[in-house]
Amino acid sequence: MRIFCVIPALNEEKYIAEAVAKVKLLAEEVVVVDDGSTDLTAQLAEAAGATVLRHLINSGQGASLETGNQYALKNGADIIFHFDADGQFSVDDIPEVLAPLFAGEAEAVLGSRFLGKESNMPPFKKKVIMPIARLVNRLLLGVKLTDPQSGFRAMTAAAWRKIPINQKGMAHASEILYKIVKNKIKIKEVPIKVTYHDFGQKFSGGIRIIKDIILAKLMD
């Protein structure tokens, strides 16, 4: 079974080489999509053994994931999972995320930061932004999951073919959830650990996500 890992990256020279080296132990091919970095991200990722695809200008995380997904699908991937470039996710969680796919228990597996594993999520994000995002997902998209914005996800190639990512920015997470439900893809959440190096999504970013979700819903 051919497992591809897609890592979107923007100016991640501090962490990218270590991330690629660790993930390579668990994936047949690691695809780093360099989203217009101005540092050594692309060079370091390639030296660490990744296939590097480059956006000449910054296009957004959603656009990077779609670029990586399309490459993986065209090159024979059976399973594609998304991973962070900055070391927030734990490589130790990858086998648990992939296990339900191997067992045929699910077609899509989402990592959840709200199922018991310890994460140092900033309180404002945990108590304000995430509940709002969870509520918006439920009301507008009909999605009922514990984690409304997890970027650690894995799906079969057949499932990914049903989910082209159109949201170029951070709203891609909600778009993917919505299309999973819309296409009746069998889904499972598993606990993951996340280690934050900085604050992450700000409140203003959360507002932009909600706006994008509404637009995506109206355009669907």
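Predicted model: local features only at pLDDT ≥ 70, side-chain atom pairs only at ≥ 80, totals over all residues.
Visitor: Good. Which residue does Glu 28 meet in a salt bridge?

Guide: The term means a side-chain nitrogen of Lys or Arg within 4 Å of a carboxyl oxygen of Asp or Glu. Here the side chain of Glu 28 meets that of Arg 2, at 2.8 Å from N to O. Arg 2 sits in the segment before β1 and Glu 28 in the loop between α1 (16-23) and β2, so the bridge ties together parts 26 residues apart in sequence. Those labels are DSSP runs numbered from the N terminus: H or I with at least four residues for helices, E with at least two for strands. Arg 2 is partly exposed too, with 30% relative accessible area.

Visitor: How many salt bridges does the structure hold?

Guide: Six. One of them joins Lys 188 and Glu 105, whose closest N and O atoms are 3.2 Å apart. Lys 188 belongs to strand β7 and Glu 105 to the loop between α4 (94-102) and β5, so this pair ties together parts 83 residues apart in sequence. Lys 188 is partly exposed at 35%, and Glu 105 is partly exposed at 40%. Then there's Arg 113 with Asp 147, at 2.7 Å from N to O. That pair reaches from the loop between β5 and α5 to the loop between α5 and β6, 34 residues apart. Arg 113 and Asp 147 are both buried.

Visitor: Now the sheet. In what order do its strands run?

Guide: Two strands pair if DSSP finds at least two bridges between them. This sheet is open, has seven strands with mixed pairing, and reads β3-β2-β1-β4-β6-β5-β7. β3 (51-55) and β7 (187-191) are the edge strands with a single partner each, so one side of each has no neighbour in the sheet. Neighbouring strands are turned by 20° against each other on average, ignoring direction.

Visitor: What does β6 look like in there?

Guide: β6 pairs antiparallel with β4 over four bridges, and His 82 stands opposite Arg 153 there. β6 also pairs antiparallel with β5 (residues 108-112), over three bridges, with Ala 108 opposite Met 155. Both faces of β6 are covered: Arg 153 and Met 155 on one side, Ala 154 and Thr 156 on the other, are all buried.

Visitor: And Phe 152, where does it sit?

Guide: In the loop between α5 (123-141) and β6 (153-156). Its relative accessible area is 0%, so Phe 152 is buried. Contact means heavy atoms within 4.5 Å. Beyond four places in sequence, the contacts of Phe 152 include Phe 81, Phe 83, Phe 89, Ile 94, Val 97, Leu 110 and Ile 192. Phe 83 is 69 residues away in sequence, yet the two C-alpha atoms are 5.6 Å apart.

Visitor: How should I read a helix? Say, how much of α7 is buried?

Guide: An α-helix has 3.6 residues a turn, so residues three or four places apart point the same way. In α7 (residues 172-182), nine of the eleven residues are buried, among them His 172, Glu 175, Tyr 178 and Lys 179. Just after α7, Lys 184 takes a positive phi of about 55°.

How values were computed
Residues numbered from 1 in each chain as written. Heavy atoms only, no water. Buried < 20%, exposed > 50% of the residue type's maximum accessible area, 1.4 Å probe, protein only. Axes fitted to C-alpha atoms, helices over the stretch in contact; angles between N-to-C directions.
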